[in-house]
Amino acid sequence: MNHHFDFNQELILEDERVLLRPLRYDDVENLLGFSENEPEIWHFSLVRANGRENLENYINIAMAARENRTEFPFIVFDKQSQRYAGSTRFYDIQFQLATLQLGYTWYGRDFQGTGLNKHCKYLLLSYAFEQLGMERVEFRADNDNHRSIAAMKSIGCKIDGVLRSNMPKADGGRRDSIVLSILKSEWPEVREALELKM
């Protein structure tokens, strides 16, 4: 169990396709195009990042959580197109329970369905299980977000259940949250299947 994770480190995860590095305040400029031109990305998000002000707020919240040692947010760089593609993060990190959640993941339209997500998830899951010694990595989504749920199942997540009326939605009402996970014992098989898909 790695209790000595340094939240201040410049953690870089990369392979031939993608590079993940810590999100910074000045990444507003790298992600602004998505905020201004693709507001639909955040349709199911609890924290919206459409428009400059919302994006700045989104990054501020992520950076504060990193300072509080509960989250570690990344910006995603697509090496194939040499462009920033979106963002993702480890959150609800609980070393004493050997669990974390993987989420707040979004990509611009051009990067959806390109295989980029599988590379990101492979790097993040490898790090969580093999470096941090996690026993369980959890994923959550709006139960109506069929695209996201399909993506999680395709990387090997199993459904744990649905938390009814779990969270307030950004635009009013409440959402049912589906909970999926991958366990440490399942990781070798999930890793092998992911490698075949990459």
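Modeller: Before we start, contact here means heavy atoms within 4.5 Å. Also, this is a predicted model.

Colleague: Thanks! So which residues is F139 in contact with, leaving aside its neighbours within four places in sequence?

Modeller: Quite a list: L102, K121, L125, M152, I155, C157, I178, V179, L180, S181 and I182.

Colleague: And how many residues does the largest nonpolar core have?

Modeller: That core has 56 residues. F139 is among those with the most contacts inside it, along with L20, F90, L125, M134 and V137. Helix α3, residues 116-131, supplies the largest share, 9 residues.

Colleague: Why would residues like that group together?

Modeller: In soluble globular proteins, nonpolar side chains tend to be buried together.

Colleague: New topic: helix α5. Which of its residues are buried?

Modeller: In α5, which spans residues 187-197, the buried ones are W187, V190 and L194. They sit on the same side of the helix, because they cover an arc of only 65 degrees around the axis.

Colleague: What do those buried residues pack against?

Modeller: Helix α3 and strand β8, residues 174-183. The face of α5 turned away from the buried side carries the exposed residues E189, E192 and L196.

Colleague: Last one, D142. Is that residue buried or exposed?

Modeller: D142, in strand β6, is buried yet has no salt bridge. The nearest side chain of opposite charge, K169, is 4.6 Å away, and a salt bridge has to be within 4 Å.

Colleague: Then what does the D142 side chain reach?

Modeller: The backbone nitrogen of D144, at 2.8 Å. Not counting residues up to four places away in sequence, D142 also touches several others, including F44, I149 and R175.

Key:
Residues are numbered from 1 along each chain as its sequence is written. This is a predicted model: local features need pLDDT of at least 70, side-chain atom pairs count only at pLDDT 80 or more; totals for chains, interfaces and linings use all residues. Side-chain values use heavy atoms; hydrogens and water are left out. Helices (H or I, at least four residues) and strands (E, at least two) are DSSP runs, numbered from the N terminus. Buried means under 20% relative accessible area, exposed over 50%, partly exposed in between (1.4 Å probe, protein chains only). Lys and Arg count as positive and Asp and Glu as negative; His and the chain ends are not counted. A polar contact is a pair of N or O atoms within 3.5 Å; within protein, one must be able to donate a hydrogen and the other to accept it, and residues adjacent in sequence count only if both atoms are side-chain atoms. A nonpolar core is a set of buried Ala, Val, Leu, Ile, Met, Phe, Trp, Tyr and Cys residues joined through side-chain atoms within 4.5 Å. The arc is that of the directions from the helix axis to the C-beta atoms.
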